[in-house]
Amino acid sequence: MKIGDLERSLIVSCQPVPDGPMDRADMVTAFALAAIAGGAGALRIESVEYVRAVRRVTDAPIIGIVKKDLETSPVRITPHVADAVALVAAGAQIVAFDATLRPRPENVADIIAAIHAKGALAMADCSSVEDGRAALAAGADCVGSTLSGYTGGPVPDAPDFELIAGLRKLTPYVIAEGRIRTPEQATEALRRGAHSVVVGSAITRTEHVTSWFKQAIDTGREHATNKAVLAIDIGGTKTMACLVREGKVIEEAQFATDHNLGPDGWIDAIAAKVSNWRGSYRRVAAAVTGIVVDGNWQALNPATLNLPHDYPLIDRLRSTFGVDAIAVNDAQCAAWGEHRFGAGAQKDMVFLTISTGIGGGIVTNGRLLQGTAGHFGLFQGYFECSHRPLEDSISGHWMHAEACKAGYELEAPAIFAAARSGAPWASHIIAISARRLAVLCQNIQLALDPKCIVIGGGIGLADGYIDQVRGAFTFPKISLRPTLVSAGLGRHAGVVGAADLAIKSIGRNS
């Protein structure tokens, strides 16, 4: 076939949610046949097994891919020449591969040459115009916008129409792919220059489509009142107050947490900062370090934030802001935020925030575990600090103390900067922290078997830190190793999660 045969075609990506109820060859072939019956011009199929199964039931054009999680490279889509060759042998006429300019196990030119040698076409999945330019120079037959938004940082909600238009300046053979969920978006992609359009989740991932409708229904009550939630995050380093509506931060105020003020002073400082927001929210949701029991706030590790015993946090919030209030541990709030709106993608997951201390949260079967669940930073018996919490041998407090021992009065951000400048002492501190966190992640995987562990916090998201943690895994089998992903909501995870928990609480009580 020729790539021109797909002009203005709808290509349906028949890729079920991994390990979901439809992740079976018979389901994928059923999706493929249904898509062809509905008018799809081609199919995009993942794995050699599923390509072979679909080829048995249809002669429609197939774009084949293989997805692999590699230890040494972030490249996941058809990373090896052997993968490409196997896809063609299984029946793919087009093989798509990750063409991003990132460290990779085999170079793009070799993969393209192998695809062409087998008589198939090569599709370069790109994240930028630069990716597309390099892939075309190496001989790719067409380019796709597939990986825009998926190479680091928060994933956008909308398709990358700008990338589609930019790639069109390089070649007429641009396949639009990525977050195209409506007929209007598909039409807009064609208007911006796409040769054809791939639609996946909106057609073949029932779990995703269901979650979009469920989310809309869950937030319907908040729509009706047109009121946001005042979400506050009181941590050991900073205090943040935000107006949050439907998982989005619409107003924000942030300032350092003054440990000398105490909780009354912190709440008064928040009230002063957001005084002009009165009337814009119907409830207050607090994400706080420590634990909240029967409305009373308690410190679990006073080194992070020292509190008076059983501080009446809920009552104080109600009296200060004049609305009802909830309060939940900050890391648990962040876990829920990432599960609902971020990198957790509605899966069973564990969240770890590596910052001043270590916080955590667990979401299983769509439910956030509260109480003491997820307080991994308080684990005992680790390393040489067996009488102290685990966070005191990994997190920001520990890094600062180790830097001081080395003669440098520096906090974690400056330690990472020193490491980037080549300071051996700083690199040593970071490496120890990463190795210890790797042990914790492996133990979490054995205990809970989450689909992913989402890593957040200033240290957790520092450049290169997660890669060092992955590199320190000791499990010999890849299948036993945790899947680590960067938090998608960044510093807003806690307030977004707290606000959503408040909305659910309104729904239960209304």
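In this predicted model, the second largest pocket has a volume of about 1100 Å³. Its lining counts 49 residues. Closest to the centre of this pocket are Thr237, Thr353, Ser355, Thr356 and Gly357. Several elements give two or more residues to the lining. Three of these are helix H13 (330-341), helix H14 (396-405) and helix H15 (412-420). Helix H18 (493-509) is another. Two strands are also on the list: S16 (349-354) and S17 (358-364). What is the make-up of this lining by class? It has 25 polar, 16 nonpolar and eight charged residues.

Now to the helices. Two packed helices are described by the angle between their axes and the distance between the axes.

| Helix pair | Axes come within | Crossing angle |
|---|---|---|
| H1 (residues 25-37) and H2 (residues 48-57) | 9 Å | roughly 50° |
| H3 (residues 81-90) and H4 (residues 108-117) | 9 Å | roughly 20° |
| H14 and H16 (residues 424-448) | 10 Å | roughly 145° |

Take H1 and H2. Their axes cross at roughly 50°, so H1 is oblique to H2. The crossing of H1 past H2 is right-handed. On the H1 side, the contact uses Ala25, Val28, Thr29, Ala32 and Leu33. They meet Glu49, Tyr50, Ala53, Val54 and Val57 in H2. Eight of the residues in this contact are nonpolar, one is polar and one is charged.

Next come H3 and H4. Are they roughly parallel or oblique to each other? The crossing angle is roughly 20°, and angles under 35 degrees count as roughly parallel. H3 and H4 are therefore roughly parallel. H3, too, passes its partner H4 in a right-handed crossing. Val81, Ala84 and Val85 of H3 touch Asp110, Ile111, Ala114 and Ile115 of H4. This contact of H3 with H4 has six nonpolar residues and one charged residue, with no polar ones.

The last pair brings back H14, one of the elements that line the pocket. H14 passes H16 in a right-handed crossing. Which residues make the contact? H14 supplies Trp398, Met399, Glu402 and Ala403. H16 supplies Trp425, Ile429, Ile430, Ile432, Ser433 and Arg436. Seven residues of the contact between H14 and H16 are nonpolar, one is polar and two are charged.

Notes
Residues numbered from 1 in each chain as written. Predicted model: local features only at pLDDT ≥ 70, side-chain atom pairs only at ≥ 80, totals over all residues. Heavy atoms only, no water. Axes fitted to C-alpha atoms, helices over the stretch in contact; angles between N-to-C directions. Helix = DSSP H or I, 4+ residues; strand = E, 2+ residues; numbered from the N terminus. Parallel < 35°, antiparallel > 145°, perpendicular 65-115°, else oblique. Left-handed = near helix turned anticlockwise from the far one by under 90°. Contact = heavy atoms within 4.5 Å. Nonpolar A, V, L, I, M, F, W, Y, C, P; charged D, E, K, R; others polar. 1 Å grid on protein atoms, 1.4 Å probe; cavity = no way out; pocket = protein on both sides within 12 Å on 5 of 7 lines; lining within 4 Å. Points joined across faces, edges and corners; volume = space filled by probe spheres on them.
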